[in-house]
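Please look through the structure below slowly, first one chain at a time and then as a pair. The paragraphs that follow take up a few of its features in turn.

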Amino acid sequence: MENIGALSILLAFCLAVYAVVGSVIGRLKRNPFLVVSSERAVYSVWALLTIASALLIYSLLTGDFRMGYVAAHTDQTMPAIYKFTAWWGGQEGSLLLWAWLLATYSAIAVFTNRHKFRDMMPWVTAVLMATETFFLILIAFVLSPFGILEAGRGNIVEGMGRGLNPLLQYWTMVIHPPMLYLGYVGFTVPFAFAMGSLITKQPGEAWIHTTRRWTIITWLFQSTGILLGQGWAYAVLGWGGYWAWDPVENASLLPWITATAFLHSVMMQEKKGMMKVWNMVLVSGTFFLCIFGTFLTRSGVVSSVHAFAQSPIGKYFVYFLAIGIAATLALILDRVKYLKSEARLESVVSRESSFMFNNLILLASCFAVLWGTLFPVISEAVTGEKISVDAPFFNRINVPIGLGLLLLTGVGPLIAWRRSSVESLRRAFFWPSTAAVALMAVLAVFGVWAHPYALMSFGLCMFVAATIFAEFWKGASAISVKSQVGLIPAAIELTHRNTRRYGGYLVHMGIVFMFIGYTGAAFNQDVTKEVVPGGTFQLGHYTFRVTNMEQGENGNYTWQKLQIEASSGASSLGIMDPERRFYKASQQPTSEVSIRRRLNEDVYLNFAGVSSDNQRAVVQAYVFPLVTWIWIGYWVLAIGTLVCLVPSKVRLSYARTQVLGMAQKHAKVTN
Amino acid sequence: MKTYAKFGALVAVIVGVLAWLALGGVSENKTYYKTITEVQQMGDQAHVKRLRVDGYVVPGSIVRNGAAVSFVMHQDPSKRGQDPIILKVVYSGIDPLPDTFKDDAQTIADGKLGTDGVFQANKIQAKCASKYEAKPQMKTDATRASM
């Protein structure tokens, strides 16, 4: 069994190498047979890796504890779903998942474009399979998922296996890693098309149009993965946070930032033929940051709470990154003359410039996060002392950046291409600004002025929400009058006519909701108390009374549970029951927090422990205002992204805007 | 060209402000990684600088006392209770201690060394190391399996 698995990986490796060599030679010698046979090699790589993955999953599910990977990541008592997820629970398996996903994406990309871009496709295949080869080297020769325990060789069965960390036995953790992988791996495809386009000196934006869907879908996967991680941290870890600027979290954020910048700046290229070099840099940067993130998470270069162990694969990543980045840079520099901008920046107050500022501050944020994450490595290299920076550093720089981006989210879409007149600006922004100022004035009166960033954030959220609402209102009421339908069907019709624009507004709205949620963190309250049954304590306007403390035991863990009656003023809010468990197999305690989720604020109770004399329970109570809006924002963002993927009914919006004329008129017709 | 000059000026302002924030952030926030031995050799500097100390929890040393938790860290994971290199730590931060924080766990404490020689931590991280790496005797033999 394990031999077949290892053999499949080895064969897949050979075929991936063949696909790289075959498609390059086939292209250079103009040999269509070689090109097609290389494309078939891609499908075979996929088939072989599917076999390998299926065998690994089978071994995990049936508990073949002779295998090192199975023994290290599952145990006999685990539910089947967690045995399955052990596929990506450890280093070797998750690399296999990476390789399999990349093979799947490659097969789809090659298949859907098999009759198109005959010029460019061999290069695309070569880039995809070169990346695949790299990952297959890792699992074929360095860290095989099919290794057999030495103890298992003489039929000595290791026993039960060591199981999965109980903290990770939670539903979002089941899908969080594959979502992030789908997002990371997926960016290889736009990168491969970009490179193919550069190598063959394609004149147009074919690669952008072809990969638009890939980019959007993989961006959605990345966003989903990041948000699931946040949701898990909030609901499981017991400190109520969702982001700690840990290196591993940062590793997932970096490519998301550049991907977001790329999604915006490609519009400049599609509509104006500007920023061509920049887009190449962004798509390559995102791809390499995805690889870099994988490297950071696994190599132990930067210490982190959830990094995998030190492993021998770090240096392979360094080689791959060094060669890849050098080759990409050389290629871009060599082809710069084919990437000439077709238009010039005409005014600082224009759509073009708002895109540029959007990119500038996204990249600044990316750079700051990267710098902060690698600070220990850099400082050790320069001064010999290992120095780290933590959350306050990241917040200090990213909070103003976030607010700047939020402002651009409101301003950018309404400002005209080329240049904007004062009159048109006044018309577009008078009501949104008024609404924002009014909200800020009211909030200031109620005491928010003590948190200037929060006040600004709420004001900007109002501003952006008002501009988006106005856009829908304007369009929908025109349709409603013209076709005699209600406002809601009219809004749907409007969205359907230009899904890309109005879907984009929905995504922006999702971001606004998330900002509302993040801003709520400025008003968090917490208290830690030692209590006995019958005792009470207070937090904000809430009163908590401990009514009971129970304990018990089952096969998997022992538990202690508190029953706490929460009330606000005279009205009871019901019983909350935070719990503490001690898992026997792993000898690890966990907290099961109790959360009362509401739109205005969450009440969050954590049973943190028992005092040393075993008499009193230590309870941490938190109030987290507005945190639910983060999760709501995610759903709005996801729906908006999906809307963007629906083909538009009316195709007028993506012609190049070469027409001269009144700026405002322009802004109404096109995006 | 005037447009580009204006644009350039705006870019310079934004980048300048962010760089200023970043540099200020680094100097206010920097934390020095030290081992227990290094902390003990630092002298007075140890009371001033923010430190991040790496070590292992001495079994049985964790004591909860109200909201504060005290424990003892030692340096060499193979020596457990017998390690002569130790550091007393008192944690009084607001965040709850991680569930992975227990006897023998690898622990990182952030804070400053008090004048009484007790380390005042405001953040504790703990890694349940055994969950992430294979035991040494569980060597896998990848090459032979692939034959």
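In this predicted model, the domain assignment of chain B gives two parts, with domain 1 covering residues 1-30 and domain 2 covering residues 32-131. If you take the C-alpha centres of domain 1 of chain B and domain 2 of chain B, you will find that they lie 39 Å apart.

From chain B we can turn to the place where it touches its partner, where 58 residues of chain A are in contact with 43 residues of chain B. On the side of chain A that touches chain B, the residues divide into 31 nonpolar, 18 polar and nine charged.

Let us now look inside chain A, at a pair of helices. Two packed helices are described by the angle between their axes and by the distance between those axes. For helix 2 (residues 32-62) and helix 6 (residues 121-142) of chain A, the angle is about 35 degrees and the axes are 11 Å apart, while the crossing of helix 2 and helix 6 of chain A is left-handed. Which residues of helix 2 meet helix 6 in chain A? On the side of helix 2 they are A:Val35, A:Ser38, A:Glu39, A:Val42 and A:Val45, and these meet A:Pro122, A:Thr125, A:Met129 and A:Glu132 in helix 6. Taken together, the residues of this contact between helix 2 and helix 6 of chain A divide into five nonpolar, two polar and two charged.

Terms used
Residues numbered from 1 in each chain as written. Chains lettered and ligands numbered in written order. Predicted model: local features only at pLDDT ≥ 70, side-chain atom pairs only at ≥ 80, totals over all residues. Axes fitted to C-alpha atoms, helices over the stretch in contact; angles between N-to-C directions. Helix = DSSP H or I, 4+ residues; strand = E, 2+ residues; numbered from the N terminus. Left-handed = near helix turned anticlockwise from the far one by under 90°. Contact = placed C-beta atoms within 7 Å. Nonpolar A, V, L, I, M, F, W, Y, C, P; charged D, E, K, R; others polar. Domains from an automatic or database assignment.
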